[in-house]
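Have a look at the structure first, then read on.

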Amino acid sequence: MENTEVNVEHGENPPPYYLVVKPSCPPPPYAMVQPLPSTPPVVPYSNQPLPQLLAPHVPQRVITTIEQGQPDPRQSRLVVTRHKKARCYGGSGGSLLILLFTGIVIWLGVRYGVSVMSRGKSDTCPPNTVVCDGHTDCQKGSDETICVRFGEGNELQVMTSNSSGFLPICYADWNHSLATQTCQQLGFRGSYKYGGLTSTSKSFLFVTSESSDTIQGKVNVGTMCPGEQATFLQCTDCGLPRTSSRIIGGSVATPGLWPWQASLHFEGSHVCGGSVVSQDFIVSAAHCFPSDPASWQLAVNWRVYLGVESQYMLPPPHYVADIIIHESYNPNTHDNDVALLKLTQPINFTGSVQPVCLPAFDQVISTDTQCWITGFGTTQEGGALGSSQLMEVAVDIIDTSVCNDAYKGLISNDMLCAGDMEGGRDACQGDSGGPLVCQEEDGRWYLYGVTSWGSGCGRVNSPGVYSNVHSLLAWIHSKMEEDRP
């Protein structure tokens with residue numbers, strides 16, 4: 001990707017990644033991406049107005065753009081100057097309309113029971129709470145949503161109030177009903193596959209006759225498991241696109257190649273990306289949903305588009321029921337930059353819409369692994385136009401110590417760096433919240449990162465920084481379980 005002249009000053013916090021453009025300003029249109037020879041040309045749909053790339057003041061991934069004139073005092077580290085393309089009008093009348101609209105939206109949420117404000121606040125638990133005993137003690141049930149995880153080979157591991165940690169479940173007494181119940185407990189609609197695999201564990205959990213809504217309430221600790229066969233469980237058939245043709249280096253993606261890619265629209269314009277992880281949930285970035293103004297956290301203002309081949313021809317949207325933001329998200333350091341969107345209706349999986357796999361708790365990605373990022377963002381730093389077609393680029397996982405040298409210690413354990421230290425391969429504005437995926441030996445693609453921040457787009461010694469899904473995995477699973485359908 002092309003670079004532009006910028007002024008960067010490093011401080012204690014990461015460079016800001018804001019576009020200093022008032023949300024009421026008309027957003028710029030999408031760029032017409034020149035298609036590859038094998039890709040059909042993009043044709044406007046029915047001569048309707050083209051969808052536009054919104055340029056809000058929230059972090060979009062990488063850059064601060066200051067309109068020519070007085071700089072925003074809040075933005076001081078990274079500046080890209082460009083000419084103003086449009087004037088904004090409105091004044092007090094526009095403000096009154098916005099307030100009126102917001103009031104109507106809130107009333108609709110209260111009237112019809114739709115959750116419109118962000119969730120993810122800390123739970124309230126009584127002092128006598130017992131974790132993972134199969135009985136909900138906390139107000140939101142957080143004492144029972146941290147009890148199930150997946151190990152290597154999708155080994156199902158459960159923690160109970162009687163075990164000292166996570167243990168595999170003996171496969172001898174496992175059945176379809178238990179598989180379905182467990183997956184539904186975890187926020188999925190049902191199970192895809194289960195079976196037995198050899199385990200080296202010295203202790204196992206065994207299914208009992210206890211009646212419980214949770215798997216941790218139905219098992220007890222034991223040792224003698226026939227054949228030492230533990231249970232493996234897959235809740236979705238994930239990470240398998242219908243095609244495998246790829247071109248490295250910021251190219252238009254082949255339709256259907258990344259079927260988990262979501263385009264998140266705020267009030268009619270693409271703002272961020274996301275990843276489908278189940279029929280009901282989309283993983284994205286917390287910074288896509290700032291608290292000021294409050295309209296950014298109103299679920300009714302958002303639409304989710306899946307299987308998008310062109311922003312000119314959008315499919316029917318999915319509506320958002322809940323915006324769940326990490327409780328410990330820090331907008332200054334970008335720690336815990338992750339959010340979940342729960343949809344009002346389940347996704348109907350097709351050839352062009354499929355979930356990506358979430359990694360196992362012990363499944364980490366090694367340095368220099370080639371992974372891929374995708375999105376509808378701008379194709380060069382400071383660009384005013386977003387891509388109408390889904391773009392893809394191969395990136396390499398970069399060692400955290402190397403990345404920390406480049407970013408002067410700003411990379412935490414909740415972050416993952418990827419790109420090219422020599423520049424040229426990176427995400428950009430409008431790609432926020434989108435996936436960083438890597439293919440494992442089983443042929444499936446796993447979500448290892450969520451596009452978060454960086455200094456510019458494709459600069460030398462400034463790789464992209466992604467929320468580390470591995471370190472945030474427990475949070476994702478627990479919130480899916482808390483808000484399960």
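A residue is called buried if its relative accessible area is under 20%, exposed if it is over 50%, and partly exposed in between (1.4 Å probe, protein chains only). What you're looking at is a predicted model, where local features need pLDDT of at least 70 and side-chain atom pairs count only at pLDDT 80 or more, while totals for chains, interfaces and linings use all residues. Residues are numbered from 1 along each chain as its sequence is written, and side-chain values use heavy atoms, with hydrogens and water left out.

**Disulfides**

- A disulfide here is a pair of cysteine sulfur atoms within 2.5 Å, and searching the whole structure turns up eight of them.
- Helices (H or I, at least four residues) and strands (E, at least two) are DSSP runs, numbered from the N terminus.

**Cys183 and Cys235**

- The sulfur atoms of Cys183 and Cys235 are 2.1 Å apart, and a disulfide joins these two residues.
- This pair links distant parts of the chain, 52 residues apart: Cys183 is in helix 2 (residues 176-185), and Cys235 is in the loop between strand 14 (229-234) and strand 15 (251-252).
- The torsion about their S-S bond is about -90 degrees, so this disulfide is left-handed.
- Is Cys235 buried or exposed? Cys235 has a relative accessible area of 10%, so it counts as buried.
- Cys183 is buried too, with a relative accessible area of 0%.

**Cys238 and Cys357**

- Cys238 and Cys357 form a disulfide with their sulfur atoms 2.0 Å apart.
- Cys238 sits in the loop between strand 14 and strand 15, while Cys357 sits in the loop between strand 21 (339-343) and strand 22 (370-375), 119 residues apart.
- With a torsion of about 100 degrees about the S-S bond of Cys238 and Cys357, the disulfide is right-handed.
- Cys238 is buried at 8% relative accessible area, and Cys357 is buried at 1%.

- Cys125 and Cys138 make a disulfide, with 1.9 Å between their sulfur atoms.
- Both residues are in the loop between strand 7 (118-119) and strand 8 (148-150), 13 residues apart.
- The S-S torsion of Cys125 and Cys138 is about 110 degrees, so this disulfide is right-handed.
- Cys125 is partly exposed at 38% relative accessibility, whereas Cys138 is buried at 4%.
- Asp123 lies in the loop between strand 7 and strand 8 and is partly exposed, at 22%.
- Which residues does Asp123 touch, not counting those up to four places away in sequence? They are Cys138, Gln139, Lys140, Gly141 and Ser142, where contact means heavy atoms within 4.5 Å.
- The C-alpha atoms of Asp123 and Cys138 are 6.6 Å apart, although the two residues are 15 residues apart along the chain.

**Aromatic rings**

- Rings of Phe, Tyr and Trp (its six-membered ring) pair if their centres lie within 6.5 Å; planes under 30 degrees apart are stacked, over 60 edge-to-face, and the rest tilted.
- That rule gives eight aromatic pairs.
- Take Phe266 and Trp302: their ring centres are 5.2 Å apart and their planes are at 55 degrees, so the pair is tilted.
- Phe266 is in strand 16 (residues 261-266) and Trp302 is in strand 19 (residues 302-306), so the pair ties together parts 36 residues apart in sequence.
- Phe266 and Trp302 are both buried.
- Trp258, Trp260, Trp372 and Trp445 form one aromatic cluster.
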